[in-house]
Amino acid sequence: MKHGGLFDDDDDSRLRHEAMAWLTVRSNDGADPLSSEDLLDFRFNGEEFRLRDRQRGIRKPRQLRSALSLTTVYRPEGANRPYEDAIHSDGRVRYKWRGTNPLHAENRALREAMRQQKPLIWFHGVGDGYYQAIYPVFLVAEEPELQQFVVATDGTQDIPVAPASVAEEALRRYVERTTLARVHQPVFRSMVMRAYETRCAVCELKHGQLLDAAHITPDSHAEGIAAVTNGLALCKIHHSAFDARILGIDPNYTVHIRPDLLDEIDGPMLRYGLQERHGQQLMALPKLRSERPDRQRLEHSFERFRAG
């Protein structure tokens, strides 16, 4: 550690490594979101060390030359966000500057992290006071005309931001798949599990390890957005049945089982897990009506179920 409390490169690297290792343990290897209070428990060199800033989106500790973390605040669906987190044509997401001044201290801290290729932590809001920790991420380019940085996930930071040839299309698809897996899918899962209080919508199973966040409109579809209203918390059996069109859910939140399975005899799982759910209402729904499954999406999904 250098004079004035400024960390040298070794301390900087050790801090980032220990912070990410701590987040891995505390979040159950990324499966669980963390509250603002949870994040206050992190210690470095035996002392409390804040990983995110409560008041700002960019955390640049005084001991570091560059930023340590980014925060994307939670906004209910339909509310405007002060950033753009959609996947762009190059397969990556963007993070907006602080304000409009490129020389703002926090923007300079991000630029320095980009220059040094420092791994960052991205705290993505999934509810009021709850965050999904995504790490490590890297800033790989700046788009000053749009006042934003280009964010890459680990393993994609050395891939060109804008592949110039058709031959590099496979790289773009790889970057997009990686971004979905490491950014959008964990955030979507956390939002859905929070809304459903970690319960299967069909059977109310409460074991998080056995639950998935299912899309009503598939994420491969242009309208398959990562929003709570496009999601259902489903146990793995009911998720598989939903995707295979063995199980359908109509716009009134009623469960339907494919007719040919209703008369089949194949043990207790089929009987209790599927057949006896036919005609029953969903057992778990978000408390907030604004977070419940979108009825129009369910209608389109139910049409596909009936056609299948």
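Q: Does Thr71 count as buried or exposed, and at what relative accessibility?
A: Happy to start here, with a note that this is a predicted model. Thr71 sits in strand S5, which covers residues 69–72. Buried means under 20% relative accessible area. Thr71 therefore counts as buried, at a relative accessibility of 5%.

Q: Which residues does Thr71 touch, not counting residues up to four places away in sequence?
A: A contact here needs heavy atoms within 4.5 Å. With residues up to four places away in sequence not counted, the partners of Thr71 are Arg52, Gly57, Tyr95, Trp122, Phe123 and Tyr131.

Q: Which residues is Arg245 in contact with, leaving aside neighbours within four places in sequence?
A: The loop that holds Arg245 runs between helix H5 and strand S12. Leaving aside neighbours within four places in sequence, the contacts of Arg245 are Arg258, Arg304, Phe305 and Gly308.

Q: What distance separates the C-alpha atoms of Arg245 and Glu106?
A: For a sense of scale, the C-alpha atoms of the protein fill a box of roughly 75 × 50 × 30 Å along the principal axes. Arg245 and Glu106 are 139 residues apart along the chain. Their C-alpha atoms are separated by 49 Å.

Q: What share of the contacts with a separation of 6 or more comes from residues 24 or more positions apart?
A: The protein has 8 helices and 13 strands, and 47% of its 308 residues count as buried. Among contacts with a separation of 6 or more, residues 24 or more positions apart account for 61%.

Q: How many Å apart are the centres of the positive and negative side chains?
A: The accessible surface comes to about 15600 Å², with 49% belonging to carbon and sulfur atoms. As for charge, the protein carries 43 positive and 45 negative side chains. The centres of these two sets lie apart by 4 Å.

Note on methods
Residues numbered from 1 in each chain as written. Predicted model: local features only at pLDDT ≥ 70, side-chain atom pairs only at ≥ 80, totals over all residues. Heavy atoms only, no water. Helix = DSSP H or I, 4+ residues; strand = E, 2+ residues; numbered from the N terminus. Buried < 20%, exposed > 50% of the residue type's maximum accessible area, 1.4 Å probe, protein only. Areas by Shrake-Rupley, 256 points an atom, 1.4 Å probe, with all protein chains shown as cover. Lys, Arg positive; Asp, Glu negative; His and termini not counted. Charge placed at Lys NZ, Arg CZ, Asp CG, Glu CD.
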